[in-house]
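Dear colleague,

Please find the structure below, together with its sequence. My notes on what was found in it follow directly after.

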Amino acid sequence: INPLQYQGLILLTPPSGHLFAVGDEDQSIYGFRGSSPDILKQFRLDFPDAKEIRLDVSHRSPDVLLEPARNLIHHNKNRTEKRMTGLSASAANAGWTVKSFPDQLKQYQWIAQKAHAYDRGGIPLSRQAVLLRSFRDLSILRSVMMKSGIPVHVPGYRESIFTHFITEDIRAILKLAQKIPERKDVLCVLSVFCPHVSRYRIPQHCPPAILSILMRSIQHSPGGRLCDQAAVSDNRKELQELIQLNRHMHFLGSLPPGAALEYIYSGMGYRLHLRDLAHAHHQDITAYQTPWEQLRQFARKFSTQKRFLSCLNDPSEQDFRFDPDPADGQLALQILTMHGSKGLEFDVVYIPDLNKGIMPASQNKDLHRGGTDEERRLLYVAITRAKRLLHISYVERIHGKKVFPSEFLPQLYSNNE
């Protein structure tokens with residue numbers, strides 16, 4: 001509660017002073033609403049005769065999972081010193097790990113693999129959760145999970161069509177057709193239509209005529225001149241795919257958005273790509289048809305690809321959304337913010353992106369006034385959601401920029417200053 005609410009509580013308290021209060025400074029995570037661990041200290045001053053009962057045994061987390069939480073929270077000074085312990089009976093097969101990844105894509109793909117493995121081993125997806133500091137990169141995480149065949153549930157969240165992986169594919173295709181591609185766009189298009197083309201051929205900065213440059217590169221590559229039949233065969237496949245893609249792009253670039261999407265779907269074979277994707281992940285193709293149909297209908301509102309792309313990059317119709325989770329997440333991997341996870345528990349918890357600027361959050365304006373302590377309490381809450389397994393990870397790059405591990409990482413291992 002915040003100070004105003006506390007004062008109201010004091011006024012409502014009967015003269016007898018009969019009042020029952022429950023609180024934990026280590027889980028005070030709503031500073032943005034005015035709450036503070038100081039209120040619990042003030043309660044002890046206002047009610048000096050109150051009997052304090054400490055609940056210092058966790059019936060959720062075994063002691064091995066409480067160890068990093070204890071080490072971390074010990075670095076906060078504005079708290080009542082206590083030592084939480086876990087029931088040893090729940091310690092079987094429990095444990096926690098910290099892993100590093102080159103980027104978010106590799107990190108999320110690893111989470112998808114682990115979630116699949118645990119699901120097959122008897123821990124259903126609904127008992128696993130990914131806890132994020134914020135939903136800033138939710139679209140990337142959801143896209144990876146969907147392409148990996150893992151249904152996800154984000155409680156209270158309805159996905160925007162603009163963040164769906166199908167929209168990301170279409171955006172990349174149209175940018176290539178309009179000769180304004182970035183490297184990520186070229187990689188995306190090649191992964192769909194040119195599986196034999198080596199990704200190492202793609203330069204860091206892609207010029208408008210990138211396809212022509214790639215074709216010339218293959219025609220003059222060493223493999224094409226040597227008597228290596230395998231290399232010659234690979235080069236031929238690469239060249240054939242690029243020639244076909246170049247023809248598609250030349251035709252596609254002049255079409256209005258609605259017709260362009262029809263051509264991508266039927267003429268270029270994107271429909272077959274979605275079918276194969278659904279088959280590979282044991283999903284019904286209808287899971288992809290709904291967002292595709294909505295995107296196709298939306299594209300018809302625009303007369304030019306330039307205007308359509310502008311809207312995809314900066315959507316003005318924020319209410320253009322669909323509900324991808326009609327089953328209410330009963331069979332899906334749970335994705336929540338750390339704040340949203342309070343009061344919940346899961347057999348397996350993943351905490352990705354434990355990097356400086358994300359945790360503690362760079363947007364927390366009060367980091368120099370106790371905000372770091374609150375961020376540490378927030379991570380403490382996230383860690384203590386785990387009942388059996390905890391996987392913490394951080395990355396080396398985000399959106400191509402070098403990032404650094406969170407200052408909280410070493411604190412998980414030691415409570416020394």
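Let us begin with helix 15, which spans residues 371-383: E374 and R377 both lie in it, 3 residues apart, or about one turn of the helix. Please keep in mind throughout that this is a predicted model. An α-helix has 3.6 residues a turn, so residues three or four places apart point the same way. The side chains of E374 and R377 meet in a salt bridge, with 3.3 Å from N to O. Are these two residues buried or exposed? E374 has a relative accessible area of 12% and is therefore buried, since buried means under 20%. R377 also counts as buried, at 5% relative accessibility.

Salt bridges elsewhere

How many salt bridges does the structure hold? The count is 24. Side chains of opposite charge can pair when their charged atoms come close.

One of these salt bridges joins the side chains of D24 and K82, at 3.3 Å from N to O. This pair links distant parts of the chain, 58 residues apart: D24 belongs to the loop between helix 1 and helix 2, while K82 belongs to the loop between helix 3 (63-73) and strand 2 (85-86). D24 is partly exposed, with a relative accessible area of 24%, and K82 is partly exposed as well, with 22%. D24 and K82 are also members of a network, in which salt bridges that share partners join D24, E25, D26, R44, E52, R54, R79, E81 and K82.

Another salt bridge is formed by K387 and E345, whose closest N and O atoms are 3.7 Å apart. K387 counts as partly exposed at 25% relative accessibility, and E345 counts as partly exposed at 31%.

The chain as a whole

The protein chain contains 15 helices and 9 strands. It has 417 residues, of which 47% are buried. Its accessible surface comes to about 21800 Å², and carbon and sulfur atoms account for 54% of that area. Among the contacts with a separation of 6 or more, 76% are between residues 24 or more positions apart.

The nonpolar cores

Which residues have the most contacts inside the largest nonpolar core? They are I170, L245, L252 and F308, in a core of 51 residues. Several helices each supply at least two residues of this core, including helix 7 (183-193), helix 8 (210-219) and helix 10 (229-252). Helix 6 gives the most, with 8 residues. Apart from this core lies another, of 30 residues, among them A69, M84, A129 and V381.

L245 shows what such contacts look like. Not counting residues up to four places away in sequence, L245 touches L176, V189, L190, F193, C194, L211 and M268.

I351 is placed in strand 7 and is buried, with a relative accessible area of 0%. Leaving aside neighbours within four places in sequence, I351 is in contact with L131, M338, L379, A382, I383, L390, H391, I392 and S393. One of these, I383, is 32 residues from I351 in sequence, and the two C-alpha atoms are 8.0 Å apart in space.

G400, by contrast, is exposed, with a relative accessible area of 57%. G400 lies in the loop between strand 8 and strand 9 (401-402). Between G400 and D103 there are 297 residues of separation in sequence, and 8.2 Å in space from C-alpha to C-alpha.

A patch on the surface

Finally, I1, L9 and L19 form a nonpolar patch on the surface, with about 230 Å² of accessible area together. L19 is found in the loop between helix 1 (3-12) and helix 2 (38-46). At 32% relative accessibility, L19 counts as partly exposed.

Yours sincerely

Conventions. Residues are numbered from 1 along each chain as its sequence is written. This is a predicted model: local features need pLDDT of at least 70, side-chain atom pairs count only at pLDDT 80 or more; totals for chains, interfaces and linings use all residues. Side-chain values use heavy atoms; hydrogens and water are left out. Patches are made of residues with over 30% relative accessible area and no salt bridge: like charges are joined within 9 Å, nonpolar side chains (Val, Leu, Ile, Met, Phe, Trp, Tyr) within 5 Å. Accessible areas come from the Shrake-Rupley method with a 1.4 Å probe; for residues, only the protein chains shown count as cover. A salt bridge is a side-chain nitrogen of Lys or Arg within 4 Å of a carboxyl oxygen of Asp or Glu. Helices (H or I, at least four residues) and strands (E, at least two) are DSSP runs, numbered from the N terminus. Buried means under 20% relative accessible area, exposed over 50%, partly exposed in between (1.4 Å probe, protein chains only). A nonpolar core is a set of buried Ala, Val, Leu, Ile, Met, Phe, Trp, Tyr and Cys residues joined through side-chain atoms within 4.5 Å. Contact means heavy atoms within 4.5 Å.
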